[in-house]
Amino acid sequence: MIRLEGITKVFPGVKSLDGVDFEAKSGEIHALLGENGAGKSTLIKTLAGAYIPEEGSIRFDGQDRRWASPKEAKDAGIHIIYQELMLFPELTVAENIFIGEAPKTRYGFIDYPTMFACAQETLDRLGHHLDPQALVKDLSVADQQMVEIAKALVGETKLLVLDEPTAVISGREAELLFERVKRLRDEGVCIIYISHRLEEIFEIADRVTVLKDGKLVGKRPIAELDRDQLVAMMVGRELEDIFPRKQEPHADAAPVLTVRDLRAPPKVKDVSFDLYAGEILGLAGLVGAGRSEVAHAIFGSMPRTDGAVTLGGEAFNSPTPRGAIDRGLGFLTEDRKGEGLMMLLDMAANVTAPVLPEFTTTSGLDRSAEILAAEDEIKRFRIAIPGPRYGVEKLSGGNQQKILFGRWTRACRRVLILDEPTRGVDVGAKVEIYEIIRKLADEGVGILVISSELPEIVGLCSRVLVMREGVITGEVTDENVTEETIMSYATAAGEDRAA
Amino acid sequence: MTDLSIKPASTEAQLLPLFKRFAVPVALIALVAIATTIQPSFLAPNNIQDILTQAAPLALVVLGQAFVILVRGLDLSVASLMATVAVLATAFDATSNAMIPAIFVVAIAFSALVGLVNGLLITKRNVSPFLATLAMMIVLQGVRFYYTQGAPSGSLPEGFRFLGAGRIAGFPVNILAFLACFAVLAWLLHKSSFGRKIYITGGNPVSADLVGIRSDRVTIICYVICSVMAGIAGLFLVGFVGTVDNWVGRGYELDAIVACVIGGIALTGGKGSLWGAAAGALILVLVFNIVIILGLPVQAQLIIKGIIIIFAAALFARAQRA
Amino acid sequence: MADTTVTTPRRRFRLDPSLIIVIALLAVVVGAGFVLSDRFGTTRNFTNVLEQMAALGFASLGQALVVIVGGIDLSIGAVVTASTVLMASVVEIHPALMIPMIFVTLLFGAAIGFLNGFITIRTGVHPLIVTLGTASILNGVVLIFTLQPTGSVPFWFEEFAYGRIAGLPISGLVMLACFGLVWVFLRYTETGRAFYAVGGSPEAARLTGIRSDRIILMAYSASGFFAAMAGAYFVSRTGVGDPRVGDPITLASITPVILGGLLLGGGKGNIFGVLLGVFLISLLSNLLNYMNVSTFIQWVIQGLIIIIAVSIYVNKGKKL
C-alpha cells in the first residue's frame with residue numbers, strides 16, 4: 001500500500017530521518033516503534049505531506065507520489081490521527097467528522113440534516129455512541145479520539161495512522177479502540193500504529209518496524225519477536241547496561257516529604273505517601289491519572305483544597321513555588337520547553353533562576369558569580385555547551401535536561417520531583433541522567449520520579465506508587481516492581497483483582 | 001539526532017544574525033548621513049539640541065513602553081495618560097515654581113495608580129493588554145474632557161517652560177531628565193535581579209512561576225513603570241509645548257510602540273534592550289526630521305512611519321526564524 | 001453518501017451564554033429607555049437609530065470576520081476615511097461616475113484588506129502591527145491630499161443614508177442584509193465553517209487540508225470591503241469626503257465584537273451576537289444623549305463596558 005524509500009529529512013542542526021525505508025500493506029496493522037526522538041513523528045508527517053523530505057521517494061497505492069500539501073495526501077486516502085488531536089473545539093462532532101467534505105444541498109449550502117444523519121451512521125458503524133450535535137470541546141478525550149477515527153471512515157481511507165493513541169485514554173477505552181482498529185483492518189485498511197507500549201504492540205500488531213536515532217533498525221513480523229528482542233532493537237543495548245544499581249535508603253532514614261490526604265480538584269482526589277531521604281520513589285500511572293498534578297499541588301504551582309504536607313519535618317501548608325524552593329524542594333517539570341527552560345536567556349541565567357537572591361548584591365546582579373556557578377554545573381554534569389554565556393535553545397534534549405538538573409540540584413538539596421526526566425532524550429543521555437539520579441539519591445536527596453516509561457520506573461525504583469484517576473491505587477516494592485503489576489494497578493484490572 | 005554538522009549555510013542564514021546585531025546602529029548612522037547630505041547644517045550643535053529636545057518626551061514614553069512589551073504586554077493608554085497628567089497639573093492653578101515638586105509627586109502618584117489598574121486587570125482579570133489599556137485610554141479621555149468640559153483652563157508655573165525647553169550649561173533640561181531616567185531604568189533592567197525577572201517573565205511566564213518568580217507582580221510593576229514614565233513625559237511635553245490642551249501627546253502610544261519595534265524589542269516578549277528602545281526613538285525622530293528637511297508635508301511622516309514599522313517588524317520576524 | 005430517509009435531525013438551537021448577557025443588557029437599556037425618556041420609545045427614534053448605526057454595523061461586521069480567523073484589523077478607520085475621500089473627490093469632478101465609483105470604492109477597500117492579509121501571512125508579523133502600519137500609510141496619503149472635508153456627490157446619493165423603504169432606513173436595511181448574508185455564509189457554507197477552523201486551531205486546519213491562507217485573505221478583504229461600505233454611508237450622509245471621519249471607528253468596531261462574545265484570538269462566536277452588540281452600543285448612546293449625558297461621560301462608560309465585558313467572558317484566548 002505504502003512504500004517509502006531512502007527518506008532523509010533535515011531540520012536546522014538535526015538530521016531527523018536518515019535514509020529510512022518503510023513499507024506497509026493493506027489489511028495489516030503495522031507497528032512503528034522507537035524511543036522518543038527516534039523519528040517516528042517525522043516519518044509520519046512526511047508520508048502525510050506535512051513535511052517535504054530532502055531525499056527519498058514515496059510510493060502509495062501503486063503510484064509514485066510527491067505530496068505538495070497535506071491535502072493531497074488526504075485526498076489520496078491517507079488519514080492521520082495525530083497525538084494532539086486535530087479537532088476544532090467550537091464545532092460540532094458532525095462538522096468535525098465532515099470537515100472539508102460536508103454534504104451540501106442543491107444550492108451549495110451545508111445540508112445539516114443529512115450531515116447529522118451521516119455522522120450518526122458513521123459513529124454507529126464504529127459502534128460508538130456519541131451525539132453528532134455535541135460540541136467537541138464538551139467531549140472527553142477518549143470520545144474526541146473516536147471522532148478522529150470517525151473522520152477516517154468518511155471518504156475512502158486506505159491508510160490510517162494512529163500516533164500514540166493510548167497515551168491519553170484509560171485501559172477500558174483502549175480495549176474499545178483496539179477492537180475498532182481491528183475491525184478497520186479486517187475491512188482492508190492499512191493501519192500504521194505508533195506506540196511505545198510493548199503490550200499493545202503484541203496485542204494488535206501484525207508486523208513491526210523499529211526506528212532509532214532517525215535510522216531504520218529493522219522490520220519483522222511480530223510473531224518472530226519476543227519482548228526482550230524488541231526492547232533491544234529499540235534501545236540498541238541490553239537493559240542491564242542502562243540502569244544503575246538499585247539501592248535502598250538507610251533503614252533509619254527519616255521521611256523528608258510526607259503527604260497526607262492531598263486533594264487538588266479535578267485531577268487529584270486523595271493522595272498520601274512518604275518519601276525518605278536517599279530514596280528514589282516511583283510514581284506511575286496512565287497519562288491523565290493526575291501524577292503531574294500531584295507534583296504541582298505539592299510544589300505550590302497549583303492550588304490544593306485539602307491535605308497536609310511536611311518538608312523536612314516542617315509543615316508546608318500554604319505552598320508557593322518560592323516557599324518550596326526556599327525549603328529545598330525542586331520540581332523538574334515534564335514540559336522542558338514550555339515550563340522549564342527560558343529559551344531567550346543564556347545558560348547561566350537558566351541555572352540561577354530559582355536562586356537569584358543568592359547572586360544579588362547591593363550593586364545589582366553579580367554576573368561573574370553567576371557565570372562561575374554555571375561553569376561548575378557544566379563540569380559537574382558534563383554539559384556539552386561552549387560556555388555559560390551560550391543560549392540553550394539549540395542544545396540536544398539531553399544537554400537541556402542536564403541544565404535543568406544543574407538548576408534544581410543547586411537550588412534544592414532536600415527533595416527533587418522529576419516529571420518525565422528522560423522525555424525526548426537520546427539513549428546515551430538517558431544513561432547519564434539515570435546515573436545522576438542515582439548519585440543524587442546517594443547524597444541523601446529524596447527523589448520522586450514520575451514517568452510513563454515503565455521500564456524506567458522499574459529500572460530505577462525499588463518502591464513505586466501507582467495512580468489511577470486521582471487516587472493512589474497501589475504501592476509495589478522490591479521484587480513486585482514489574483511492568484505487569486504496575487499496569488494492573490494503573491488500569492481498572494488492578495481494581496477488579498483487588499475486589 | 002546528534003549530528004549537528006549539517007547546518008545549511010545559505011548566505012541569508014549567515015547575514016541575518018549580523019543584521020540582528022547591527023541593524024539599529026547602522027540605520028542610525030545612515031540616517032544621520034542622509035540628513036547631513038541633504039542639509040549640511042544638520043550636524044550643527046544647535047540643530048542637534050533642537051532635535052533632541054523635541055525627541056525627549058517621546059523617548060521617555062518609549063522607555064516605559066519597552067518594559068511592558070518585554071513582559072508580553074502593550075500599553076495604549078500612555079498618550080491619554082500624558083494629556084490627563086497635563087490637565088491634572090493645571091488643576092492646581094499654581095503660579096509659584098515652588099509648587100513644581102508637589103505637582104510632580106501628584107502626577108507620578110496618579111500615573112502609578114493608572115499603571116496599577118492596568119496591571120491588575122491584565123494579570124488578575126486576564127484581560128488582554130490590548131483591550132485593558134484601550135479601555136483605560138478611553139476612560140481617561142472621558143474623565144479628562146469631562147473635567148475640562150472640552151476646554152482646559154488653569155495655568156502652570158513658569159518653571160515648566162524651563163523644564164520643557166530650557167537649558168542648563170547648554171544642555172537641554174529635558175534631555176538631562178531623559179538621561180537620568182535612562183540610567184536608572186537601564187540599571188534596573190540590565191543590571192539588577194529584578195531586570196532578570198522581567199526577562200524571565202517575558203520569555204516564559206509559566207517557567208517564571210515555577211522557579212519562584214511571581215510573574216504577576218513583575219508584570220504589574222512593569223505597567224506601573226510604563227505609566228509613571230508616561231506621566232513624567234506628559235509634564236515635560238506640556239512644558240515644551242507651553243500650553244495645555246486635551247490632546248497633549250496624541251499619537252505617542254503608537255509612536256512609542258513603533259520605536260520599540262524598530263529598536264528590536266519583540267512584541268512576543270522577553271527580547272530586546274533599553275538601548276534598542278532609545279535608539280528606536282532616535283531613529284523615528286530622525287526620520288521625522290528628514291521628512292521636514294526634504295520639504296515634504298508633515299503628513300508624509302505617517303506614511304513613512306507605516307512603512308518603517310511593517311518593514312522593521314518583518315525583518316526582525318525573519319531574523320527570529322533563521 | 002448514505003440513505004437518509006430515516007430521520008432528519010434538525011440543527012439544535014444553541015444559545016451561547018455570552019448572547020444571553022448581551023440580550024439581557026439590551027433589555028435593560030431598552031427598558032430604561034422607555035422609563036427615562038418619552039422620546040426614546042418611539043418608532044421614529046428606533047428607525048433613526050437603525051439609520052445611525054449603519055456605519056458601526058459595517059465596521060464591526062468586518063472586524064468580527066477578522067477576529068474569527070484569529071486576527072485584528074486596526075486599519076478599518078483609515079479605510080473608512082480613505083473611501084470617503086476617494087469617492088467624494090472623484091465624483092465631484094466626474095458626477096457621471098457616481099455609480100461606478102461606488103463599486104470602485106468597495107473594491108478599493110477590499111484591496112487594502114487583501115494587502116493587510118497578504119502582509120500578515122507573508123511576513124508572519126502580528127496583524128496588530130501590520131494593520132497599524134497600513135492605517136498610518138493610508139492616513140498619511142489622505143492627509144497629504146486634503147486636510148479639510150472635500151468633494152461632493154450628487155444629491156440623490158443621500159438616499160442611501162436617509163431614504164426609507166416601508167418606513168425603514170435603506171442604510172440600516174443594507175447593513176442588516178449584510179449581517180444576514182454573512183451569517184448564512186458562516187453557518188451554511190464550507191468556507192464559512194473553515195473561518196472558525198482556521199481561527200480555532202490553525203495547525204489543525206493546515207493538517208486537515210484547509211487552505212488557511214486563502215481563508216485569512218478572505219477575512220481581511222471582507223473587513224476592508226465593509227469598511228468601504230461604512231465610508232460610502234458617511235459620504236451619503238454628509239455629501240463630502242472627510243479626512244478625519246474614520247478615526248474613532250477602528251476602536252469603536254471592536255467593542256460590539258467583544259460584546260458579541262467573540263474571543264479575541266479567534267475560532268469562536270456568533271455574528272448575530274455582534275449585531276446585538278451594535279444595537280446595544282447604539283441604543284445606549286442614543287438613550288444617554290436623550291438624558292443629556294455628556295459625550296465625555298459616554299466615553300468613560302464605553303471604556304468600562306469593554307473592561308466589564310472582557311472580565312465576564314474571562315478571556316482564555318491568546319493574549320494580544
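So, contacts to start with: in chain A, of those between residues at least 6 apart in sequence, 66% join residues at least 24 apart. By contact I mean C-beta atoms, placed from the backbone, within 7 Å. Quick housekeeping: this is a predicted model, where local features need pLDDT of at least 70, side-chain atom pairs count only at pLDDT 80 or more, and totals for chains, interfaces and linings use all residues. Residues are numbered from 1 along each chain as its sequence is written, while chains are lettered from A and ligands numbered from 1 in the order in which they are written.

How many helices and strands does chain A have? There are 18 helices and 22 strands, taken as DSSP runs numbered from the N terminus (helices are H or I, at least four residues; strands are E, at least two).

Now the sheet I like: it's open, with 6 strands in the order 6-7-8-3-9-10 of chain A and mixed pairing. Pairing here needs at least two DSSP bridges between two strands. At the edges sit strand 6 (78-81) and strand 10 (215-221) of chain A, each pairing on one side only.

Zoom in on strand 7 (residues 159-163) and strand 8 (residues 190-194) of chain A: they run parallel, over 5 bridges. There, A:V161 is opposite A:I192 of strand 8.

Finally, the C-alpha atoms of chain A fill a box of roughly 75 × 50 × 50 Å along the principal axes.

Conventions:
Contact = placed C-beta atoms within 7 Å.
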